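Me: I'm new to reading protein structures. Could you take me through one, feature by feature?

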Amino acid sequence: MQKKINVVEMQVRAYECDFQGIVNNAVYMNYLEHARMSCGKAMGIDVVALAQEGIIWVVNEARLQYKSSLRPGDGFEIITSTSVQGVMRGIFHQEIKKKGSGELILQAEIITACIINGRPGPLPQAIREKMAAS
C-alpha cells in the first residue's frame, strides 16, 4: 500500500540543462533526492539524528523511467508516496510532473535500506510505521 506523503515544487535552472537544452538525465536524481529529504522531514524522520545513532539510510536501488523532458524555466512538482517491503526495505514511489499541464516527465521507484554500525540491518520500526501508514 502506498501513501501520498509530500509534494515538492521546483523550477528548472538553466545550468541543469545539457547542450540539447533539456535537463540532463543525472540531474533528475538530485531532484528526487531533494523530494525524498523533504518527504522524510514531513514524516518526522531526521536522517542526521539517525546517522549520529549509527544508522545510515541509503539508496539501495533506483529505477527511473523517463517519459518526457524539462527545459529551462519549466516549473514542476515531485509527488512522493512510500511503502515498505518486509523489514529491510523502504520504497519511495516518485513522479515528476510539469506544472500547469500535469505532463508526466518521470516515474521512479527508489528502494532504500539501512546500514547499522557498518552492517546491513532492518529499517527502524518507527520508519517502517511512518512509511507504511495508510
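Me: Where is glutamate 129 found?

Reply: Helices (H or I, at least four residues) and strands (E, at least two) are DSSP runs, numbered from the N terminus. Here, glutamate 129 sits in helix H3, residues 125-132. Keep in mind that this is a predicted model, where local features need pLDDT of at least 70, side-chain atom pairs count only at pLDDT 80 or more, and totals for chains, interfaces and linings use all residues. Residues are numbered from 1 along each chain as its sequence is written, and side-chain values use heavy atoms, with hydrogens and water left out.

Me: Is glutamate 129 buried, exposed or partly exposed?

Reply: Buried means under 20% relative accessible area, exposed over 50%, and partly exposed in between (1.4 Å probe, protein chains only). Glutamate 129 has 49% relative accessibility, so it counts as partly exposed. Also, glutamate 129 and serine 83 are 46 residues apart in sequence, with their C-alpha atoms 9.5 Å apart in space.

Me: What about glutamate 16: buried or exposed?

Reply: Glutamate 16 counts as buried because its relative accessibility is 6%. You'll find glutamate 16 in the loop between strand E1 (3-11) and helix H1 (27-43).

Me: Which residues is glutamate 16 in contact with, leaving aside its neighbours within four places in sequence?

Reply: Contact means heavy atoms within 4.5 Å. With those neighbours set aside, glutamate 16 touches Gln11, Ile22, Val23, Asn24, Val27 and Tyr31.

Me: And which side chain makes a polar contact with the side chain of glutamate 16?

Reply: A polar contact is a pair of N or O atoms within 3.5 Å; within protein, one must be able to donate a hydrogen and the other to accept it, and residues adjacent in sequence count only if both atoms are side-chain atoms. For the side chain of glutamate 16, the partner is the side chain of arginine 13, at 2.5 Å.

Me: Which side chain does a polar contact join to that of threonine 80?

Reply: That would be glutamine 94, at 3.2 Å. Threonine 80 is part of strand E3, residues 75-85, and at 0% relative accessibility it counts as buried.

Me: Zooming out, how many helices and strands are there in the protein chain?

Reply: The chain has 3 helices and 6 strands, and from the N terminus on they run β-α-α-β-β-β-β-β-α. Of its 134 residues, 38% count as buried. As for contacts between residues at least 6 apart in sequence, 68% join residues at least 24 apart.
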